[in-house]
Amino acid sequence: MKSSLQQELQTTGDFLALTRANEWSIDSAFSFEVSCKKTQAKSKVSVLDTGIIVFEPLDHVSSKDIVLSCAVHGNETAPIEICTDLVKQLILGELHLQERVLFLFGNPAAINIGKRFVEENLNRLFSGAHSLPQGDASGLINKERHRALALENAVRDFFTQGSDISSERQRYHYDLHTAIRGSKNDKFAVYPFRHGQPWKKEQLQFMLACGVNTILLSHSPTTTFSYFSSNEFGADAFTVELGKVRPFGENDMANFAGVTQTLTRFISGEDLQLTDYNSEDFSIFEIYQTINREQENFTLHFADDVENFTDFPQGYLLATDGDIEHRVKQAGEAIIFPNAAVAIGQRALLTVIPTDID
Ligand SMILES: O=C(O)CCC(=O)N[C@@H](CCC(=O)O)C(=O)O
Ligand SMILES: [Zn+2]
């Protein structure tokens, strides 16, 4: 017998509503079949937990396992709207499903309060960090830590089950975010550390098709979600920043048409219409300084409305952390993700310098 959750979901396709109504878990998982109204292809839809839903083609063998995540930070609404819309189209049979897709709505309770997180920043809890004491949250067992573990398990199961279907598969994880500040480059992506493996031009071409022409290359392991999937499962993974944090309904979705269109084509197996790689199409940076807040008394020495990718002269004092001064070391060094209010021990600022991948 269908549960009321299932009935509601199959009628409305509104997975965000189900997710928001169940902040940390649902009573029991459920699954059902849908047929695409255009192609008649059948898919299996499995709701594994709140905010965790898998779509799997039933009529053909797929070759890609795609993870699309949003709301790892609860107030980053544009990605939530994009994923909600894709999920709705799939549930209502309006979009052909070619590949296996796992959608994750990371932090439903944080969505409900319109905040980045409830107790602890979820995107600092992956690769097992949920089980380690860290920063001023040392020793805490909170719901975000449980959620990080649940999300890790969902990704692990999804990729592992894919390998049972066929051996030659490609894995992807695009973790969709928005930046707290405005950015000179409105859409950009963090390419997690690849431990010396080459940066993939084809992935940058995919980003470009999404309207993302600015890439930050990371040179060290992090506890972010995209690094987890890249490092542990060999997925092509990015943290993708789509504009600036705004409340639901205030996003200019036309600004994200490239992302929506490219993700739609990707999951439905249409030609992605990627252009040939041309370095001039991109602004590529490498992460140069990672400045953590280590002291109670941490100050940034620029205004709150200074945008991401603003550069400062060599020697400029960017931040003081107690007695420690953090200054610009190189001409062209620019700031990303400044946030003086992070927990002690966490990243308060990145700097980047221009580079290329040739
Ligand atoms: O704008 C900001 O300050 C933060 C936006 C955001 O949530 N960014 C991610 C980036 C993750 C990564 O480095 O891959 C984060 O800080 O978690
Ligand atoms: Zn975010």
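Predicted model: local features only at pLDDT ≥ 70, side-chain atom pairs only at ≥ 80, totals over all residues.
Residues are numbered from 1 along each chain as its sequence is written, chains are lettered from A and ligands numbered from 1 in the order in which they are written, and side-chain values use heavy atoms, with hydrogens and water left out.

Start with the layout: the chain splits into domain 1 (4–280) and domain 2 (293–354), with bounds from an automatic or database domain assignment. Their centres, taken over C-alpha atoms, sit 29 Å apart.

Now the interface. On the domain 1 side, 17 residues are in contact (heavy atoms within 4.5 Å) with 19 residues of domain 2. Together the domains bury about 1400 Å², 54% of it on carbon and sulfur atoms; buried area here is the accessible area (1.4 Å probe) lost when two parts are put together, summed over both. Arg-124, Arg-181 and Lys-184 supply 44% of the area that domain 1 buries against domain 2, more than any other three residues.

As for ligand 1, 15 residues surround it (a heavy atom within 4 Å), and the closest are Asn-123, Arg-124, Ile-180, Thr-239 and Glu-241. A side-chain N or O atom of Arg-347 is 2.9 Å from a ligand 1 oxygen. Glu-76 has a side-chain N or O atom 3.4 Å from an oxygen of ligand 1, and a polar side-chain atom of His-177 lies 3.4 Å from a ligand 1 oxygen.

Key. Polar contact = N/O pair within 3.5 Å; in protein donor to acceptor, adjacent residues only side chain to side chain.
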